[in-house]
Amino acid sequence: MRKLGKRDVMLMMVLLFFCFAAFLIRKLAGGTEGAYVLVTVDGEIFGEYPLCEEREIPIKIAGETVNRLKIGGGAADMIWADCPDKLCVRQKPVSKENETIVCLPHRVVITVEGAAENGFDSIAR
Amino acid sequence: MKRKTAYMGVFLAFALILSYVESLIPFYFGVPGIKLGLTNLIIVILLYELGVKEALCISILRIILAGFLFGNMFSILYSLAGGLCSFCMMCLLKKCGLFHIVTVSVCGGITHNMAQLALASLIVENYGVFFYAPALLLSGVLTGFLIGVLAAEIEKRVERFFRETVRK
């Protein structure tokens, strides 16, 4: 087995560069505090909730509560799920724009949205 | 030939043990889907020592069996997407013969994570999951590197065993 060549090092450097570029893009795209959270189930909007008020939202699919989302202190946190892996519950609370919590088994996505779109949306709805 | 079939069974069992070990390790960094990819160790070694068909066979069987044992239908679906895409990637990179086993493993790791992310975004019908892309990319590189280094070291030591015993 030959040693790591120049080509290997180059390719890995390029890949690492892409990683950091991706982090940077995400940092530039988000970063600001979000205004409200958008909850979608199976690609369809379940509801929008402002981050400023304290409340607990049961996310229901076909009348059954599958996840519980807690909003408070300007952040949203998944506090309960009825699936076995509980990956969404273990995720940290989200508060910044574009931050996301996903519950894959139930296809529930929670995204923090910024203030700019909020004005338009609240009029449109 | 008979001997090889028997050894394939042993390798499958070994891959399943690695799956089990991985399910025991609490390996969590705030982003879902990041894992060590221990089983890729045996897939990489088989790909280099036995061949494409054999490695693919073990990979698919391992995913389905481990899914029934430690996961659910969902985990099988995600594992298959990640496993097959990363296998194709590693296979192509190995075939072209330009890269070291470590690099091949790194690319496999990245492909695995990106394929799972793409499938997740299709299933939840939301591009929001790509928020995790940077972390998953980086974790793919790091775990792929780790597994690649291990695979290279192990391969050096088992090469003779494969040549004299398994491939006979």
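Two residues are in contact here when their heavy atoms lie within 4.5 Å. By that rule, 33 residues of chain B and 34 residues of chain A make up the contact between the chains. The model is a predicted one.

The size of an interface is often given as the accessible area lost when the parts come together. For chain B and chain A, about 3000 Å² is buried between them. Carbon and sulfur atoms account for 71% of that area. Polar links were counted as well. Six residue pairs are in polar contact between chain B and chain A, with both residues at pLDDT 80 or more. The count of salt bridges between the two chains is zero.

Which helices of chain B each supply at least two residues of the side that touches chain A? They are helix 4 (73–96), helix 5 (101–124) and helix 6 (133–166). Helix 5 of chain B gives the largest share, nine residues. By residue type, the side of chain B that touches chain A holds 24 nonpolar, seven polar and two charged residues.

Chain A contains an open sheet of three strands. Their order is 3-4-5, and the pairing is antiparallel. Strand 3 (55–61) and strand 5 (75–81) of chain A are the edge strands, and each pairs on one side only. From one strand to the next, the twist averages 25°.

The pairings in this sheet can be followed strand by strand. Strand 3 of chain A is joined to strand 4 (residues 64–72) of chain A by seven bridges. These two strands run antiparallel. In this pairing, Pro58(A) stands opposite Arg68(A) of strand 4. Strands 3 and 4 of chain A also form a hairpin, with two residues between them. Ala62(A) sits in the turn and has a positive phi of about 50°. Strand 4 of chain A then pairs with strand 5 of chain A over six bridges, again in the antiparallel sense. Here Gly72(A) faces Ala75(A) of strand 5 as its opposite residue. This hairpin, too, has two residues between the strands. Gly73(A) takes a positive phi near 60° in it.

Another open sheet in chain A has four strands. They follow the order 2-1-7-6, with antiparallel pairing. Strand 2 (44–50) and strand 6 (100–103) of chain A stand at the edges with a single partner strand each, so one side of each has no neighbour in the sheet. The twist in this sheet averages 15° from one strand to the next.

Strand 1 (residues 36–41) and strand 2 of chain A run antiparallel and are joined by six bridges. Thr40(A) stands opposite Ile45(A) of strand 2. Two residues lie between strand 1 and strand 2 of chain A, which form a hairpin. In its turn, Asp42(A) has a positive phi of about 55°. Strand 6 of chain A is linked to strand 7 (residues 108–113) of chain A by four bridges, and these strands run antiparallel. Within strand 7 of chain A, Val108(A) is the bridge partner of Cys103(A).

Conventions: Residues are numbered from 1 along each chain as its sequence is written. Chains are lettered from A and ligands numbered from 1 in the order in which they are written. This is a predicted model: local features need pLDDT of at least 70, side-chain atom pairs count only at pLDDT 80 or more; totals for chains, interfaces and linings use all residues. Side-chain values use heavy atoms; hydrogens and water are left out. Buried area is the accessible area (1.4 Å probe) that two parts lose on being put together, summed over both. A salt bridge is a side-chain nitrogen of Lys or Arg within 4 Å of a carboxyl oxygen of Asp or Glu. A polar contact is a pair of N or O atoms within 3.5 Å; within protein, one must be able to donate a hydrogen and the other to accept it, and residues adjacent in sequence count only if both atoms are side-chain atoms. Ala, Val, Leu, Ile, Met, Phe, Trp, Tyr, Cys and Pro count as nonpolar, Asp, Glu, Lys and Arg as charged, and the others, Gly among them, as polar. Two strands pair if DSSP finds at least two bridges between them. Axes are lines fitted to C-alpha atoms, for helices over the stretch in contact, and angles run from 0 to 180 degrees between N-to-C directions.
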